[in-house]
Amino acid sequence: MTKKLLRTLFTTFIISTILNIAITCIYYSITQKNTGYDYKTMLQMIASGAFLLNIILLLMVLPVLFFSLPHIRSSVPMRILLYFAGPVIFLVTASLMHLGPINKLFYLETGLVFTLVHSILYFRSIKKIV
């Protein structure tokens with residue numbers, strides 16, 4: 001059971017990181033067209049930022065590993081709380097932080113993509129786990 005949960009978490013991390021990098025690069029290339037910015041440098045900055053924020057989100061969803069306990073696995077509200085509390089707290093915190101508009105957009109996009117991927121994999125894997 002724990003191996004399945006870990007596999008799901010790391011799959012979420014990998015897919016979310018790749019999607020975040022792709023979405024942010026597309027947004028950057030559209031908004032910064034013809035401004036003379038070095039895309040190679042920005043790609044490295046975008047990739048490292050997305051990687052670090054996804055690591056933070058991965059750490060925030062580690063309580064999912066408590067699913068291996070039968071009394072938690074049988075309680076639907078507890079499963080939802082353990083599975084989605086971390087990303088929701090990240091999104092609320094990112095929206096309340098005093099950041100620049102581009103940074104806030106990057107944080108919120110990262111949180112939303114992670115939550116979306118996490119929920120898709122949750123609904124796919126919950127049938128197998130429960």
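This is a predicted model: local features need pLDDT of at least 70, side-chain atom pairs count only at pLDDT 80 or more; totals for chains, interfaces and linings use all residues.
**Ile55**

Ile55 sits in helix α2. I also took a distance to Ile26, which is 29 residues away along the chain: the two C-alpha atoms are 22 Å apart.

**Helix α2**

α2 runs over 39-60. I count 22 residues in α2, with 31 Å between its first C-alpha and its last, close to the 32 Å expected at 1.5 Å a residue. Which residues of α2 are buried? I get Ile46, Gly49, Ala50, Leu53, Asn54, Leu57 and Leu58. The spacing made me recall a bit of helix geometry: with 3.6 residues a turn, residues three or four places apart point the same way.

**Helix α1**

I repeated the check on α1, which covers 2-31. α1 has 30 residues and spans 43 Å from first C-alpha to last, close to the 44 Å expected at 1.5 Å a residue. The buried list for α1 is Leu5, Thr8, Leu9, Thr12, Phe13, Ser16, Thr17, Asn20, Thr24, Cys25 and Tyr28.

Thr8 is in α1, and its relative accessible area of 12% makes Thr8 buried, because the cut-off is under 20%. Thr31 is also placed in α1. Is Thr31 buried or partly exposed? At 36% relative accessibility, I put Thr31 down as partly exposed. Between Thr8 and Thr31, 23 residues apart along the chain, the C-alpha separation is 34 Å. From Thr31 I then went to Pro101, 70 residues apart along the chain, and got 13 Å between the C-alpha atoms.

**Whole chain**

I stepped back for the overall picture. The protein chain has five helices and zero strands. Read along the sequence, that gives α-α-α-α-α. The C-alpha atoms fill a box of roughly 55 × 25 × 20 Å along the principal axes. Of the 130 residues, 36% count as buried.

**Nonpolar core**

I looked up the largest nonpolar core, and it has 18 residues. Which members touch the most others? They are Leu58, Val61, Val64, Phe67, Tyr83 and Tyr122. For the helices behind this core, I noted that α1, α2, α4 (76-96) and α5 (101-129) each supply at least two residues. Leu58 was already in my notes as one of the buried residues of α2.

**Aromatic pairs**

How many aromatic pairs does a search of the whole structure find? The search gives five. One of them is Tyr83 with Phe84, an edge-to-face pair at 5.5 Å centre to centre and 65° between the planes. Tyr83 is buried at 2% relative accessible area, and Phe84 is buried too, at 15%.

I also wrote down Tyr83 with Tyr122, a tilted pair with 4.4 Å centre to centre and 45° between the planes. Tyr83 lies in α4 and Tyr122 in α5, so this pair ties together parts that are 39 residues apart in sequence. Tyr122 is buried, with a relative accessible area of 3%. Ring pairs join Tyr83, Phe84 and Tyr122 into a cluster.

**Largest pocket**

Last, I went looking for empty space. Rolling a probe the size of a water molecule over the atoms shows where such space is left. The largest pocket holds about 450 Å³. I find 18 residues in its lining, and the closest to its centre are Thr24, Ile46, Ile102, Asn103 and Phe106. α1, α2 and α5 are the elements that give two or more residues to this lining. Which element gives the most? My note says α5, with six residues.

Sorted by class, the lining has twelve nonpolar, five polar and one charged residues.

Note on methods. Residues are numbered from 1 along each chain as its sequence is written. Side-chain values use heavy atoms; hydrogens and water are left out. A nonpolar core is a set of buried Ala, Val, Leu, Ile, Met, Phe, Trp, Tyr and Cys residues joined through side-chain atoms within 4.5 Å. Buried means under 20% relative accessible area, exposed over 50%, partly exposed in between (1.4 Å probe, protein chains only). Helices (H or I, at least four residues) and strands (E, at least two) are DSSP runs, numbered from the N terminus. On a 1 Å grid over the protein atoms alone, a cavity is a set of points where a 1.4 Å probe fits but cannot get out, and a pocket is an open set with protein on both sides within 12 Å along at least five of seven lines; lining residues have an atom within 4 Å of a point. Grid points are joined across faces, edges and corners, and a volume is the space filled by probe spheres set on the points. Ala, Val, Leu, Ile, Met, Phe, Trp, Tyr, Cys and Pro count as nonpolar, Asp, Glu, Lys and Arg as charged, and the others, Gly among them, as polar. Rings of Phe, Tyr and Trp (its six-membered ring) pair if their centres lie within 6.5 Å; planes under 30 degrees apart count as stacked, over 60 as edge-to-face and the rest as tilted. The expected span of a helix is 1.5 Å times one less than its number of residues.
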